[in-house]
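Student: Give me a close look at a single part of this model. Keep it connected, and state the cut-offs as you go.

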Amino acid sequence: MMDVNLVLLKKNSSQKAFSLSSGVTVIGRRHDCDLRIPLMSVSRRHCQLNRDEGTLKIRDLSSRNGTYLNGKRIDEAVIQAGDYIEIGPLKFVLQIDGEPKDIAQPELAAQALPQERASTGDSATDDFESFVELDELDSLEDDSDSLLDELDSLDEIGPA
């Protein structure tokens, strides 16, 4: 069985890995999603990853802002180790069986962003805090730091 991780690329160049242990992983804002991202720019049920006989697929679940694979909006696609997945303002790298070992921010990501996804800041993908506006917070009433703390505290993907 494959060891599959989604590695979150954070603004400060740190990373956080989320293990995908089940055959189907639903990502979204709802409490019952396998990986919950509490941001209004992420749909309630945003996308789904399916593992089937050594093949991994990602499928957008008719999300409002789309699911992006290596900078291109997709409906459904086969994904491989090293692929970049964007869900709302967050960028993940797919890691399978420890590959790729070295994960870095994609150099051309900011240039590949469609205009409607750019924030008012200069480099939206490099500064994910710029996406965390108070009016975007779903269940959090504090400031944007509390959302970053909650994202940092997500230790594993699993039922809520």
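Tutor: Two strands pair if DSSP finds at least two bridges between them. Strands are DSSP E runs of at least two residues, helices are H or I runs of at least four, and both are numbered from the N terminus. The model is predicted, so local features need pLDDT of at least 70 and side-chain atom pairs 80 or more, while totals for chains, interfaces and linings use all residues. Residues are numbered from 1 along each chain as its sequence is written, and side-chain values use heavy atoms, without hydrogens or water.

The part to look at is strand β3, residues 24–28. The chain around it has 2 helices and 11 strands.

Of the 5 residues in β3, 4 are buried (under 20% relative accessible area, with exposed over 50% and partly exposed in between; 1.4 Å probe, protein chains only). The strand is therefore largely enclosed by the rest of the structure. Across the protein chain, 48% of the 160 residues are buried.

Now the partners. β3 and β5 run antiparallel and are joined by 4 bridges. In this pairing, T25 stands opposite L49 of β5. β3 also pairs with β4 (residues 35–36), in parallel, through 2 bridges. There, G28 stands opposite R36.

T25 and L49 meet again in the lining of the second largest cavity. A cavity is a set of points on a 1 Å grid over the protein atoms alone, where a 1.4 Å probe fits but cannot get out; lining residues have an atom within 4 Å of a point. The structure holds 2 cavities of 30 Å³ or more. By class, the lining has 4 nonpolar, 4 polar and 1 charged.

Follow the chain past β5. E53 sits in the loop between β5 and β6 (55–60). Its phi is near 50°, a positive value in a residue other than glycine. E53 counts as exposed, because its relative accessibility is 78%.

That is the picture: β3 is largely enclosed, with β5 antiparallel and β4 parallel to it.

Note on methods:
1 Å grid on protein atoms, 1.4 Å probe; cavity = no way out; pocket = protein on both sides within 12 Å on 5 of 7 lines; lining within 4 Å. Points joined across faces, edges and corners; volume = space filled by probe spheres on them. Nonpolar A, V, L, I, M, F, W, Y, C, P; charged D, E, K, R; others polar.
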